[in-house]
Amino acid sequence: MVQPLIIRDIAIGEGIPKICASLIGETASQLKEEAHVLITESVDVIEWRVDFFEKADDKSEVLQTLASIRSWIGNIPLVFTFRSKKEGGEKELEREAYIALNKAAAMSGYADIIDVELFNREADVKELVEFAHAHKAAVIVSNHDFDKTPAKEEIISRLRKAQELGGDLPKIALMPQSMADVITLLDAVQTMKEQYADRPIIAMSMGGQGSVSRIAGEAFGSALTFGAAKKASAPGQIPIKNLKTVLTILHESL
Ligand SMILES: O=C1C[C@@](O)(C(=O)O)C[C@@H](O)[C@@H]1O
């Protein structure tokens, strides 16, 4: 039985999948403008993609900007994500710096959720999960492949590992090379939901072919979907307004 994750006033894993959009500005003023757009579009959750920030390697600048973002977005749940280059992000950090940055975000009280990549040393993922929980922050344990989609069993095994390591929201984003790959992702999510998950999961197939997975989460078992504001943070994201309409149509038909 999946228990929803309640962050501020938002229940992730209950009813209509929640819409998240990313802040991808390089400077504080660009981030402020983007935050304003996301508030106007009333997204449920905001992700700050810190790897897009020009001063991402300066922890005190990051923390100061994180505090500003919190002041701009009010009570909207905030995800802090430093996406590494090897998983489709913009920058790379040394292992120690990645850990220190995520710990600083978790203990700041400004970020509600930190995103930790599954393909780090297992001990590091565990340490970050425990640290975040001790500071009342939740954790997305994530995995991305911008080239391909592995077999169903492998997708399930990654999501199960993310759950086992204590991730509150196991997440996977994969690139399909065919529509059959999109079906594989959806099939894996549904099996995960029915047989293994005790918490909400997030899964999407990227690119144009995968866009159906970004609207069908309620049917197959993905609790949150990433929509695009002005610019998408990953290929295949659907504009927020359209996403809302389609999610509502599907919800009313289910
Ligand atoms: O992991 C994800 C999902 C994502 O890659 C997508 O495909 O929508 C977008 C990223 O910003 C986010 O961190």
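In what sense do β4 and β5 pair, and over how many bridges? They pair in the parallel sense, over 4 bridges. Two strands count as paired if DSSP finds at least two bridges between them. Helices (H or I, at least four residues) and strands (E, at least two) are DSSP runs, numbered from the N terminus.

Before I go on, a word on the model. It is predicted: local features need pLDDT of at least 70, side-chain atom pairs count only at pLDDT 80 or more, and totals for chains, interfaces and linings use all residues. Residues are numbered from 1 along each chain as its sequence is written.

Now the sheet. It is open and has 9 strands, with parallel pairing. The order is β9-β8-β7-β6-β5-β4-β3-β10-β11. At the edges sit β9 (202-205) and β11 (238-239), each pairing on one side only.

Stay with strand β5, residues 78-81. T81 in β5 is the bridge partner of R49. T81 also stands opposite D115 in β6. β5 and β6 pair in the parallel sense, over 3 bridges.

Next, β6 itself, residues 113-117. Buried means 20 or more other C-beta atoms within 10 Å of a residue's own, exposed means 12 or fewer, and partly exposed is in between; C-beta atoms are placed from the backbone. In β6, 5 of the 5 residues are buried, so the strand is largely enclosed by the rest of the structure. I113, D115 and E117 point one way. I114 and V116 point the other way.

On to the helices. α2 (residues 59-73) and α3 (residues 95-108) have axes that come within 10 Å and cross at roughly 30°. Axes are lines fitted to C-alpha atoms, for helices over the stretch in contact, and angles run from 0 to 180 degrees between N-to-C directions. The two helices are therefore roughly parallel to each other, a label for angles under 35 degrees. Who meets whom? K59, V62, L63 and L66 in α2 meet A100, L101, A104, A105 and S108 in α3. Contact here means C-beta atoms, placed from the backbone, within 7 Å.

Last, two loop residues. R8 is in the loop between β1 (5-7) and β2 (10-12). R8 is not a glycine, yet its phi is positive, about 50°. R8 counts as exposed because it has 12 C-beta neighbours inside 10 Å. S42 is in the loop between α1 (28-40) and β4 (45-49). Its phi is also positive, near 40°. S42 has 10 C-beta neighbours inside 10 Å, so it counts as exposed.

How values were computed: Angles under 35 degrees count as roughly parallel, over 145 as roughly antiparallel, 65 to 115 as roughly perpendicular and the rest as oblique. Two residues are in contact if their C-beta atoms, placed from the backbone, lie within 7 Å.
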